[in-house]
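Colleague: I would like to go through this model feature by feature. Please give the general idea each time, then the case at hand.

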Amino acid sequence: MTDINLEEALGNSCQATVKSSKRITSDNTDEIRELHLSIDEPAFRCMAGQNIGVLVPGPHPFGNEFHHRYYTIAGMHTEEC
């Protein structure tokens, strides 16, 4: 396993905290969840409809140190994230 400095590797990134995660589809369908994230970085900006990429630290069963996921911004509590 290689030590990776995420700040150097990603450049424009920030830390996010999952405040809640709720399944919004029935148990007999593919799983879709609603996540509420908290991002305390004042420079972070986003808009509804925009996608963001999230790196989830591992280890993961498929061997990656990080797992990259994409999420779509459905809405925010304010005009800007």
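Modeller: The loop between β3 (51-57) and β4 (66-72) holds P59. This is a predicted model, in which local features need pLDDT of at least 70 and side-chain atom pairs count only at pLDDT 80 or more, while totals for chains, interfaces and linings use all residues. Residues are numbered from 1 along each chain as its sequence is written, and side-chain values use heavy atoms, with hydrogens and water left out.

Colleague: What is the peptide bond from G58 to P59, cis or trans?

Modeller: Most residues other than glycine have a negative phi, and most peptide bonds are trans. The bond from G58 to P59 is cis, with omega near 15 degrees.

Colleague: Where in the chain is confidence lowest, and where is it highest?

Modeller: The scale is pLDDT, the predictor's confidence in each residue, from 0 to 100. The chain has a mean pLDDT of 80, and 79% of its residues reach 70 or more. Confidence is lowest in helix α1 (residues 6-10), with a mean of 59, and highest in strand β1 (residues 17-23), at 91. Where pLDDT is low, the predicted coordinates should not be read in detail.

Colleague: How do I read burial, and what percentage of the 81 residues in the chain is buried?

Modeller: Accessible areas come from the Shrake-Rupley method with a 1.4 Å probe; for residues, only the protein chains shown count as cover. Buried means under 20% relative accessible area, exposed over 50%, and partly exposed in between (1.4 Å probe, protein chains only). Of the 81 residues, 7% are buried. The accessible surface of the chain comes to about 6900 Å², and carbon and sulfur atoms hold 49% of that.

Colleague: Why does S38 count as buried?

Modeller: S38 has a relative accessible area of 18%, so it is classed as buried. The residue belongs to strand β2 (residues 33-38). For its surroundings, a contact means heavy atoms within 4.5 Å. Not counting residues up to four places away in sequence, S38 touches Q15, A16, T17 and K19. Over the chain, 30% of the contacts with a separation of 6 or more are between residues 24 or more positions apart.

Colleague: How many salt bridges are there in the whole structure?

Modeller: A salt bridge is a side-chain nitrogen of Lys or Arg within 4 Å of a carboxyl oxygen of Asp or Glu. The search finds three. R23 pairs with D27 at 3.9 Å, N to O. E31 pairs with R23, the closest N and O atoms being 3.9 Å apart, and also with R33, where that distance is 2.5 Å.

Colleague: Which class of accessibility does D27 fall in, buried or exposed?

Modeller: D27 is exposed, at 70% relative accessible area. R23 is partly exposed at 26%, E31 is partly exposed at 47%, and R33 is partly exposed at 38%.

Colleague: What other polar pairing does the side chain of E34 make?

Modeller: A polar contact is a pair of N or O atoms within 3.5 Å; within protein, one must be able to donate a hydrogen and the other to accept it, and residues adjacent in sequence count only if both atoms are side-chain atoms. The side chain of E34 makes one with the side chain of H36, at 3.3 Å. E34 lies in strand β2 and is partly exposed, at 38% relative accessible area. Beyond four places in sequence, E34 is in contact with S20, S21, K22 and I24.

Colleague: What does the side chain of Q50 reach?

Modeller: The side chain of Q50 reaches the backbone nitrogen of M47 at 2.8 Å. Q50 sits in the loop between β2 and β3 and is partly exposed, at 35% relative accessibility. Leaving aside neighbours within four places, Q50 is in contact with R45, Y71, T72 and I73.

Colleague: How many disulfides does the search find?

Modeller: A disulfide is a pair of cysteine sulfur atoms within 2.5 Å. The whole structure has zero. For C14, the nearest cysteine sulfur is that of C46, 9.4 Å away.

Methods: Helix = DSSP H or I, 4+ residues; strand = E, 2+ residues; numbered from the N terminus.
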